[in-house]
Amino acid sequence: GVPLEAIQKIVPDPRDFTPPPTLESLPFFAVQQKGLLNRLDVRRVELEYAAAEAQLHLAIAQQYPDVQLNPIYDYQEGFHFYSFGPSIPVPAMNRNRGPIAEADARRAATQVRFEAIQDQAIGEMQHALAQYRAALSQYREANQHWLVLAQAQERRTERAVQLGNEDQLALTQARVETAVAQRARADALQKAWLAYGALENSVQVPLTRIRIVKQSHASTSGGKP
């Protein structure tokens, strides 16, 4: 229902498209750091490990008798006075070995789960970044190679028509090839932005303000708790 004249007035301009971020602005160690600090699954199991660690420290502290002196009111031989008796909730010979073993087992199990979730998170981010790298490469190929060649061919055909060496049919064909290249560029750009969105989803935080910070190998290799 749209008149042909209205469509002919629409001239796509590749400069109107916003290019996606470059790979140089998204080094993997910075993406990984962002994800491990913000992913809810990693943060949740990290808090669980901290709680298990605190329980273990408490169990270890309780292996020694917690002697408490409680005041007792007494009356003997006509005198009123307070006396203090010892209170030992944990037997001295027990050393609280059972609760310590249980707390240590819980911490070990939480650590194993933490490492599994952390490795899974890193794997998801690596996969998303690889997909974005491939999509960005396709976009660059479509933008810097095919579209440039099609536009150059169209300009050469226009000059050839002006000189009488080509006819209008050749010029129309060149313009169609340029339009096809522009469409391919737009499709590649859309795929690149979709891949970028998937990368943000794997990190679970916007990447617009990611900072490139130099780090040592130990801090970027994903240390254990």
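Is Glu48 buried, partly exposed or exposed? Glu48 is partly exposed, with a relative accessible area of 30%. Buried means under 20% relative accessible area, exposed means over 50%, and partly exposed lies in between (1.4 Å probe, protein chains only).

**Before you start**

This is a predicted model, in which local features need pLDDT of at least 70 and side-chain atom pairs count only at pLDDT 80 or more, while totals for chains, interfaces and linings use all residues. Residues are numbered from 1 along each chain as its sequence is written, and side-chain values use heavy atoms, with hydrogens and water left out.

**Stop 1: the whole chain**

Show the cartoon. The chain has six helices and two strands. Helices (H or I, at least four residues) and strands (E, at least two) are DSSP runs, numbered from the N terminus. Starting at the N terminus, the order is α-α-α-β-β-α-α-α.

Switch to the surface. Accessible areas come from the Shrake-Rupley method with a 1.4 Å probe; for residues, only the protein chains shown count as cover. Of the 225 residues, 28% count as buried.

Now consider contacts, meaning heavy atoms within 4.5 Å. Take those between residues at least 6 apart in sequence: 76% of them join residues at least 24 apart.

**Stop 2: the N-terminal patch**

Select Val2, Leu4 and Ile7. They make a nonpolar surface patch of about 300 Å². Patches are made of residues with over 30% relative accessible area and no salt bridge; like charges are joined within 9 Å, nonpolar side chains (Val, Leu, Ile, Met, Phe, Trp, Tyr) within 5 Å. Ile7 belongs to helix H1 (residues 4-8). Ile7 counts as partly exposed, at 46% relative accessibility.

**Stop 3: along H4**

Select residues 97-163, which form helix H4. At 1.5 Å a residue, its 67 residues should span 99 Å, and the end C-alpha atoms are 97 Å apart, which agrees. The expected span is 1.5 Å times one less than the number of residues.

Where does H4 bend? Go to Ala142: the bend there is about 30°. A bend at a residue is the angle between axes fitted to the seven residues ending there and the seven starting there.

Move on to Thr157, also in H4. Thr157 counts as buried, at 6% relative accessibility. Leave aside its neighbours within four places in sequence, and Thr157 is in contact with Ala170, Leu171 and Ala174.

Step just past the end of H4. Gly164 takes a positive phi of about 85°.

**Stop 4**

Select residues 168-203, helix H5. Its 36 residues should span 52 Å at 1.5 Å a residue, and its end C-alpha atoms are 52 Å apart, which agrees.

Next, click Gln204, which follows H5. Gln204 sits in the loop between H5 and helix H6 (217-220). Its phi is near 65°, a positive value in a residue other than glycine. Most residues other than glycine have a negative phi. Gln204 is partly exposed, with a relative accessible area of 37%.

**Stop 5: salt bridges**

Show the charged side chains. How many salt bridges does the structure hold? There are eight. A salt bridge is a side-chain nitrogen of Lys or Arg within 4 Å of a carboxyl oxygen of Asp or Glu. Side chains of opposite charge can pair when their charged atoms come close.

Return to Glu48. Its side chain meets that of Arg113 in a salt bridge (2.1 Å, N to O). Glu48 lies in helix H3 (residues 40-61) and Arg113 in helix H4, so the pair ties together parts that are 65 residues apart in sequence. Arg113 counts as partly exposed, at 40% relative accessibility.

Now select Glu154 and Arg175. Their side chains meet in a salt bridge (3.8 Å, N to O). This pair links distant parts of the chain: Glu154 is in helix H4 and Arg175 in helix H5, 21 residues apart. Glu154 is buried, with a relative accessible area of 17%. Arg175 is partly exposed, at 44%.

End at the network. Salt bridges that share partners join Arg39, Asp41 and Glu124. Within it, the side chains of Asp41 and Arg39 meet at 2.8 Å, N to O. Asp41 is buried, with a relative accessible area of 17%. Arg39 counts as buried too, at 4%.
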